[in-house]
Amino acid sequence: MKLTSKELKRQARESLTGHYGVPMAAFILIQLISFVANSPFQLSVQSRPNTFQIVIFLLASAIIALLASILHCGLIHIHLNRSRQKKCRAIDIFYFFTKRPDRILITELMLTGLFLVTAIPAVGISLYAFLMDTPLFYLLAAVVWLVTFSALTILSLQYHLTRYLLVEQPDERPVNIMRNSRKLMSGNKGRAFYIRLSFLGMSLLCLFSLGIGFLWLDPYINQTQVKFYQNITGEI
């Protein structure tokens with residue numbers, strides 16, 4: 001039975017009531033680690049960086065993002081355990097650094113490559129429009145980017161469950177993980193998209209709180225997404 005967004009959120013709140021501490025601490029740890037890792041490279045490009053500094057910054061950002069994906073799988077592990085009323089700790093964000101992290105990195109690289117290939121035509125047409133500098137080509141570039149954005153959104157929804165499956169299916173190959181995500185998301189992409197949009201208002205309010213509100217919102221979003229995954233797989 002497909003549960004509504006309202007019901008998934010209710011169950012997420014129920015799972016978190018009285019147990020926000022660990023997800024909050026895990027969220028803070030990930031943000032802190034990312035900030036510390038990125039800071040030296042961000043500082044290096046703040047005042048007239050040369051080409052070498054820009055390249056190093058981009059490479060470092062890509063590597064840090066890949067490593068962060070392992071932390072995020074650990075965060076999913078925490079929320080799954082919370083949903084199943086199992087013991088979980090904030091340091092569990094490091095759990096998959098010792099559980100074949102190569103699977104996560106390979107899958108992330110495959111997905112990144114897929115998204116980049118999808119965006120190549122739009123980037124090429126945009127560069128051509130810039131060189132031609134005519135309104136017609138700028139309009140064409142805008143249309144192509146609109147189509148590309150739609151395609152990227154659909155792709156992100158198709159592979160929405162990839163990290164959850166990486167956590168839950170430790171023996172599966174990355175290509176099979178991606179295939180399984182597509183199968184599970186067939187007929188569920190609209191629900192996933194609606195759930196994403198339903199948190200937009202809260203996210204804007206959190207920005208007005210100088211980001212403090214995300215300490216509560218991030219666990220709420222992640223727990224709701226876990227409930228969505230459990231509902232699709234028939235666990236709830």
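Are F199 and Y220 buried or exposed? In this predicted model, F199 is buried, and Y220 is buried as well. The two rings form an edge-to-face aromatic pair, and because F199 lies in the loop between α8 and α9 (200-208) while Y220 belongs to helix α10, the pair ties together parts that are 21 residues apart in sequence. The ring of F199 also has the charged end of K9 sitting over it, 4.5 Å from the ring centre.

Across the whole structure, a search finds five aromatic pairs, including the two set out below.

| Pair | Arrangement | Centre to centre | Angle between planes |
|---|---|---|---|
| Y164 and Y229 | stacked | 5.6 Å | 20° |
| F199 and Y220 | edge-to-face | 5.3 Å | 90° |

Y164 lies in helix α6 and Y229 in helix α10, so this pair ties together parts that are 65 residues apart in sequence. Y164 counts as buried at 7% relative accessibility, and Y229 is buried with a relative accessible area of 4%.

The largest nonpolar core has 27 residues, of which L161 and F228 touch the most other members. Two or more residues each come from α1, α3 (51-83), α6 (162-168), α7 (174-185), α8 (189-198) and α10 (214-232), with α10 giving the largest share, six residues. Leaving out residues up to four places away in sequence, F228 touches L8, H160, L161, M185, N188, R191, A192 and I195. Apart from this core lies another, of seven residues, among them I30, L75, C88 and I93.

Notes: Residues are numbered from 1 along each chain as its sequence is written. This is a predicted model: local features need pLDDT of at least 70, side-chain atom pairs count only at pLDDT 80 or more; totals for chains, interfaces and linings use all residues. Side-chain values use heavy atoms; hydrogens and water are left out. A nonpolar core is a set of buried Ala, Val, Leu, Ile, Met, Phe, Trp, Tyr and Cys residues joined through side-chain atoms within 4.5 Å. Buried means under 20% relative accessible area, exposed over 50%, partly exposed in between (1.4 Å probe, protein chains only). Helices (H or I, at least four residues) and strands (E, at least two) are DSSP runs, numbered from the N terminus. Contact means heavy atoms within 4.5 Å. Rings of Phe, Tyr and Trp (its six-membered ring) pair if their centres lie within 6.5 Å; planes under 30 degrees apart count as stacked, over 60 as edge-to-face and the rest as tilted. A charge sits over a ring if NZ of Lys or CZ of Arg is within 6 Å of the ring centre and within 35 degrees of the ring normal.
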